[in-house]
Amino acid sequence: MTDTVYGPVTDWATDFDHGAPEYNNNIHQIWDDLKAAGCPIAHTERYGGVWLPLTHDLVKEIAYDPSRFSSLTPVVQQLKPSEALLEDPEALGAPIGPVPPISSDPPFHADARRLLLPAFSPKVIDPWRKEVEEICNKLIDDMGDTDVIDAAVQYTQHIPVLVVAQMVGLPLSDADQFRGWVDMVLGGIGAERSEERMAQFMAMDEYLTKHIEAHIANPQDNLTSYLINSEIFGEKLSPRHVFGTILLLIIAGIDTTWSGIGSSLWHLASNPIDRRRLVENPEKISMAVEEFLRAYAPVTMARMVTDDMEFHGVQMKKEDRVLLPFPAANRDENQFADPAIVDIEREENRHAAFGLGIHRCIGSNLARLEMNVAIEVFLKRFPDFELETSEQVTWSTGQVRGPRNLPFRINVRA
Amino acid sequence: MRVHVDSSKCQGHNRCYALAPELFDVDDLGNAFELNDGVVPAGLEDKARLAVANCPEFAITIED
């Protein structure tokens, strides 16, 4: 696929397309060109009208202002929120949204989020380290001893899916199935809304509904049963709330971390000096992970404009969407010294990879753990590897950016 | 030297606790607070500054 349903982009300042492969393939050049042309907020009529602010200040201001910028649609798809609700009247509208709490606004948001926070606090997440190490080592064991591997297909894409599946209580044997669905939901935002795609959405819906029903009948010790038994404002969560949150945990926990691990390994395959520094000094990995999160932040979120207004010189209309490119904020020279340089020992690093404000990624502690362990194990087992240059690296499409294949030549095994 | 976490700004990024667990802790919701009334023991000044320099929400301040 080279174009979305909207066709080729004519001008990135006035007609951008965040779902086009060209966007994620050339993302840093596109932002630099826009900023050099004096365009801090790009616009497109595609997807019903979307704005793209590029500076740290603008991204922060929007993230901190949920009354003017609603979280109802975290992913900018072809249907506007009002159109999507017409298609699926049972879906939750504002302020809860389809995938609470990421799609929820205050004051509902705080209560829905508080339910989940204890399950993702550092002290609950840290003990997962051993499990993640085992997953990573097993994936490498399964690669055999071939000289060329695909680290995305054989390694990065499996790690978060296996962890999330255990947390939510999904059978590990179905991991490929729901990773495929997640990829479709997030990667296909610009694809034709064909009957085949709609059937896939229905299948995912039915699968998760059955999963929840099975847990109502037979409670287990996992997040699904926890949500079913949770209360908000003195009442059990609605079935749609439980469904939306489980869908969120799966969608938000898989593509994102897969992309973060993949971009980090891609950097290490392309930068032998950094790779050697981390092989020789594994205690520096955690700091390097923060720099990879800054430089290759996978996730761009989105907001919806709640009313017609002027915002920093542009006229926004009610129900316009606004992308929140945290990765672009992370490359703002007013916030970071030499932002284009990847410095794995950067000491001052207030990166926004996990967002800013009340919607800070609830899984950030888990994502960090998975990234750290995945890189530690990979470097330990493969102290020397490089990109196999005969093959092209392809990047995902949509608001989560990461490499979808990583052809590596393994030079040394330990 | 003393450190202070502004709880109205903290969003639970957990950078301070990861970088300087001698100076900060987190509650069950993942929100950070300073230990020992924020007093930074001698020798940990650099860690305090590192925590400040890595808080995405600019929630931590230092008083000399």
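What percentage of the 64 residues in chain B is made up of buried residues? In this predicted model, buried residues account for 45% of the 64 residues in chain B, and the legends below begin with that chain.

**Figure 1. Chain B, with its two helices and four strands.** Read from the N terminus on, the elements of chain B follow the order β-α-β-β-α-β. The C-alpha trace of chain B spans about 30 × 20 × 15 Å along its principal axes. A compact globule with 64 residues would have a radius of gyration near 11 Å, and chain B, with 10 Å, agrees with this expectation. Of the contacts in chain B between residues at least 6 apart in sequence, 61% join residues at least 24 apart.

**Figure 2. The contact between chain A and chain B.** Chain A contributes 19 residues to the contact, and chain B contributes 15 residues. On the side of chain B that touches chain A, the residues divide into seven nonpolar, six polar and two charged.

**Figure 3. Chain A, with its 17 helices and 12 strands.** Along its principal axes, the C-alpha trace of chain A spans about 60 × 55 × 40 Å, and buried residues make up 48% of its 414 residues. For 414 residues, a compact globule would have a radius of gyration near 22 Å, with which the 21 Å of chain A agrees. Where contacts in chain A link residues at least 6 apart in sequence, 71% of them join residues at least 24 apart.

**Figure 4. An open sheet of five strands in chain A.** The strands stand in the order E1-E2-E10-E7-E3 (chain A), and their pairing is mixed. Strand E1 (41-44) and strand E3 (69-70) of chain A stand at the edges, and because each has a single partner strand, one side of each is left without a neighbour in the sheet. Helix H3 (residues 56-63) of chain A packs on the sheet, where it touches E1, strand E2 (50-53), E3, E7 and strand E10 (321-324) of chain A, and its direction makes about 120° with that of E10(A).

**Figure 5. Strand E10(A) and the pairings within the sheet.** E2(A) pairs with E10(A) in the parallel sense over two bridges, and Val50(A) has Arg321(A) in E10(A) as its bridge partner. E7(A) and E10(A) run antiparallel and are joined by four bridges; here the bridge partner of Ala302(A) is Leu323(A) in E10(A). Both faces of E10(A) are covered, with Arg321(A) and Leu323(A) buried on one side and Val322(A) and Leu324(A) buried on the other.

**Figure 6. Helix H17 (residues 364-381) of chain A.** At 1.5 Å a residue, the 18 residues of H17(A) should span 26 Å, and the distance of 26 Å between its end C-alpha atoms agrees with this. Since 14 of the 18 residues of H17(A) are buried, this helix is largely enclosed by the rest of the structure.

**Figure 7. Ser286(A) in helix H15 (residues 285-295) of chain A.** Ser286(A) has 15 other C-beta atoms within 10 Å and is therefore partly exposed, a class that lies between exposed, at 12 or fewer, and buried, at 20 or more. The C-alpha atoms of Ser286(A) and Gly144(A) are separated by 28 Å, and these residues lie 142 residues apart along the chain.

Terms used. Residues numbered from 1 in each chain as written. Chains lettered and ligands numbered in written order. Predicted model: local features only at pLDDT ≥ 70, side-chain atom pairs only at ≥ 80, totals over all residues. Rg over C-alpha atoms; globule rule 2.2 N^0.38 Å. Contact = placed C-beta atoms within 7 Å. Nonpolar A, V, L, I, M, F, W, Y, C, P; charged D, E, K, R; others polar. Pairing = 2+ DSSP bridges. Axes fitted to C-alpha atoms, helices over the stretch in contact; angles between N-to-C directions. Expected span 1.5 Å × (residues − 1).
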